[in-house]
Amino acid sequence: MNSRPAPFDDLDRKILTALMANARRSFAEIGAEIGLSATAVKRRVDRLREAGVITGFTATVKPSALGWRTEAYVEVYCEGAAPPRRLAEVVRNHPEITAAMTVTGGADALLHVRARDVAHFEEVLERIRTEPFIRKTISVMVLSHLLPESPEAGASHAAPEEDAAELR
C-alpha cells in the first residue's frame, strides 16, 4: 500500500475547495468557475474518489435540531497499553461518541461526545467508565463554537429516539 498522497494539480485543488464549501454544487457550476467543462470536472471528481482523496459527501446539520444540546470532549486514560483496536471497539458501542482518536500526551484517547443534556452526558460517561481498562476520564464541556461553520460544529446523526417526543 502506497502511503504517499495521490497526485493532483491546481484544478483538482480548486474542485476540492469548491466541493468542500458546498458539495451540492453542480459540475457545470464548478466547471464554469474554474474553466473546465462539466464532463471534465466529473472525470476529475471520479478520479479523486477512486484515489481516496474524496471519501464522501455529507450534510452538516445543526446538532440541537437533532436533539443534541450538550457537547463535550473526554480525555480517556487507560490501565497499561490499551491497543487502539480495543478502544475503537468500545467507542463504536456508544452512538453519542461522534469522533474518537488516539493522542499524544498524558491521555490515551480523546472522545467527542454529544448528548441530549447534562444528565444524558453523565450517563454516557458512566457507561464509558465501566470498561475495565479505563482508569480515568477528564471531561471538558463545550460552551460555544468559535468557528460555527466547521465540521465539528455540525452533527452527523440524530439523538436517541427515547426523548424525541420531548423535542417536539
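Reader: In β3, which residue is the bridge partner of Glu71?

Author: This is a predicted model. In it, β1 and β3 run antiparallel and are joined by seven bridges. The bridge partner of Glu71 in β3 is Arg114.

Reader: What is the order of the four strands in the open sheet?

Author: Strands of a sheet pair through backbone hydrogen bonds, either parallel or antiparallel. Here the pairing is antiparallel. The twist averages 20° from one strand to the next. The order is β2-β3-β1-β4.

Reader: Which strands stand at the edges?

Author: Look for strands with a single partner strand. One side of each is left without a neighbour in the sheet, so these are edge strands. They are β2 (97–102) and β4 (134–141).

Reader: How many bridges pair β2 with β3?

Author: The two strands pair in the antiparallel sense. Ala99 has His112 as its bridge partner in β3. Thr102 stands opposite Ala109 in β3. The number of bridges between β2 and β3 is five.

Reader: Which residue in the turn of the β2 and β3 hairpin has a positive phi?

Author: The hairpin has six residues between its strands.

Reader: How many of the seven residues of β3 are buried?

Author: Buried means under 20% relative accessible area. β3 is largely enclosed by the rest of the structure. Its count of buried residues is six of the seven.

Reader: Which strands does helix α4 lie across?

Author: Helix α4 covers residues 84–92 and runs at about 170° to β2. Its buried residues are Leu87, Val90 and Val91.

Reader: Which exposed residues does α4 carry on the face turned away from its buried side?

Author: An α-helix has 3.6 residues a turn, so residues three or four places apart point the same way. What covers the buried residues of α4 includes β1, β2 and β3. The face turned away from that buried side carries Arg85 and Arg92.

Reader: At what angle do the axes of α1 and α3 cross?

Author: Helix α1 spans residues 10–21, and helix α3 spans residues 38–50. Their axes come within 10 Å. The helices are roughly perpendicular, with a crossing angle of roughly 85°.

Reader: How do the residues of the contact of α1 with α3 divide by class?

Author: From α1 come Leu11, Asp12, Ile15, Leu16 and Leu19. From α3 come Val41, Arg44, Val45, Arg47 and Leu48. They divide into seven nonpolar, no polar and three charged.

Reader: How far apart are the axes of α2 and α3?

Author: Helix α2 covers residues 27–34. It packs on α3 at an angle of about 105°. That makes α2 roughly perpendicular to α3. The axes are 8 Å apart.

Reader: Is Glu152 buried, partly exposed or exposed?

Author: Glu152 is found in the loop between β4 and α6 (164–167). Setting aside residues up to four places away in sequence, Glu152 touches Glu71, Tyr73, His112, Arg114 and His145. Its relative accessibility is 42%, so Glu152 counts as partly exposed.

How values were computed:
Residues numbered from 1 in each chain as written. Predicted model: local features only at pLDDT ≥ 70, side-chain atom pairs only at ≥ 80, totals over all residues. Heavy atoms only, no water. Axes fitted to C-alpha atoms, helices over the stretch in contact; angles between N-to-C directions. Parallel < 35°, antiparallel > 145°, perpendicular 65-115°, else oblique. Contact = heavy atoms within 4.5 Å. Nonpolar A, V, L, I, M, F, W, Y, C, P; charged D, E, K, R; others polar. Pairing = 2+ DSSP bridges. Buried < 20%, exposed > 50% of the residue type's maximum accessible area, 1.4 Å probe, protein only.
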